[in-house]
Amino acid sequence: MNQEPQSDEAFEQMLKEKLEPRPPGWETNRTILETLVLKDPEEITRSSRKKLLQYGWIASVGVIAAAFIAAFTITQIDQSALDSEAATQGAPIQLGRQSVAAAEPSPVNLKAVGATQRLVGVKDMGWKNTEDGNATRAFKYEYIDTVDLVNEEDGSVMRVEVPRQEIVNVKYQLI
Amino acid sequence: LLKKKGKNHFCLNKSSTWFRYLFKLDSMSHHHEQNREIDGLDQWIETNGPRLFLYARQQTMSYADAQDVYQEAVIATVRKALECDPPTLPALGSVFVAIKNKAIDLHRSHSSRMNRETQTVAMAETSSWFVEDIESKETYRLLNDVIRALPEDQQEVLLLKVWGGQTFQAIADMLGISANTVASRYRYALNQLKSTPNLSVV
């Protein structure tokens, strides 16, 4: 580098300082960690997928219905408060009683009448080796699940969209 | 510090002080437990990922291939090392060997599948192996260019020695050649770099 010849050790040190290896992508490292932390990625993916297909819809409809019941309850409390305020014209005690009454379980019945799943993206996650030595290629599927809910009282329909991801390991063989 | 378990596979001796320091043996979950915790794995990947990936880049024709090879090699060697008693993380040497083997397999499958044109395009990929040094851009460029222009066998030894932190003997064992050959390839590569024109004035 300079006038005096550099020793191998010093030159090696200079190389290390000047040239820092580019790290692998964070997604690659994340995939490695995820794969290694799971017992058997294929088995877990398969069982998760099976469970998802079996119970996923029931669970998601239940959660969505609960969320909407809660939202309706809150809306009704607010509406009841406004109505009673207008009716009583400044009777705060009456308003309080009506609000409490409105906070009791709402009779709103939501019924799921339709559900669709839309595939919005597929991403190749790279190779994975299962513990039994099978070579697989992992794909990440991104769906938008849509659920239509009908309010049985007034016939209004609500549509809820929920994003969902699924990782599927596909066995492959080089021929 | 190492116990040999089969070809190219080593288990770390559990009595090693640094090993105990790096990996909390007592809290390491058993191999067959679901969602096991592997203490130190993320740190191990963070520390060794760049040097392993650099070697994967050198061994493959494209960034995407290097990612696949790196990922497969790390997963395979870590899994194998976890089968040791006690479970441990792999010695770097075994991961380098796995990277080389996976790259050879990949190259074979590419050769049988890809046509000549596609291979040429893949080989023409010249994305950088190193993080660009903005402060001394010219030195970076000169060194990078010389390293990329070295013959592959010298390139390999240089990367394993300088950035892989491997000894001549370890590299010799990995590559199945004599330590003298490794040393001579290394010195030749180093001399090429030292004699790079304009490097001394940068």
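This is a predicted model: local features need pLDDT of at least 70, side-chain atom pairs count only at pLDDT 80 or more; totals for chains, interfaces and linings use all residues.
Begin by selecting B:Asn180, which sits in helix α9 (residues 179-194) of chain B; helices here are DSSP runs of H or I with at least four residues, strands are runs of E with at least two, and both are numbered from the N terminus. B:Asn180 counts as exposed because its relative accessibility is 64%, where exposed means over 50% relative accessible area, buried under 20% and partly exposed in between, with a 1.4 Å probe and protein chains only.

Residues are numbered from 1 along each chain as its sequence is written, chains are lettered from A and ligands numbered from 1 in the order in which they are written, and side-chain values use heavy atoms, without hydrogens and water.

Next, select B:Asp65 in helix α3 (residues 63-82) of chain B. Is B:Asp65 buried or exposed? B:Asp65 is buried, at a relative accessible area of 10%, and, neighbours within four places in sequence aside, B:Asp65 is in contact (heavy atoms within 4.5 Å) with B:Thr60, B:Leu106 and B:His110.

Now show B:Leu52, which, not counting residues up to four places away in sequence, touches B:Trp44, B:Tyr70, B:Val74, B:Leu92, B:Val95, B:Phe96 and B:Ile99. B:Leu52 is also among the residues that touch the most other members of the largest nonpolar core, a set of 54 residues, together with others including A:Leu15, B:Phe130 and B:Trp163; such a core is made of buried Ala, Val, Leu, Ile, Met, Phe, Trp, Tyr and Cys residues joined through side-chain atoms within 4.5 Å. A second, separate core of seven residues includes A:Ile64, A:Leu110, A:Leu149 and A:Val160.

Finally, select helix α2 (residues 26-37) of chain A with helix α2 (residues 41-59) of chain B, which pack at about 150 degrees with their axes 11 Å apart; axes are lines fitted to C-alpha atoms over the stretch in contact, and angles run from 0 to 180 degrees between N-to-C directions. That angle makes α2(A) roughly antiparallel to α2(B), a term for angles over 145 degrees. A:Asn29, A:Ile32, A:Leu33 and A:Leu36 meet B:Leu41, B:Asp42 and B:Ile45 in this contact.

Definitions and conventions. Angles under 35 degrees count as roughly parallel, over 145 as roughly antiparallel, 65 to 115 as roughly perpendicular and the rest as oblique.
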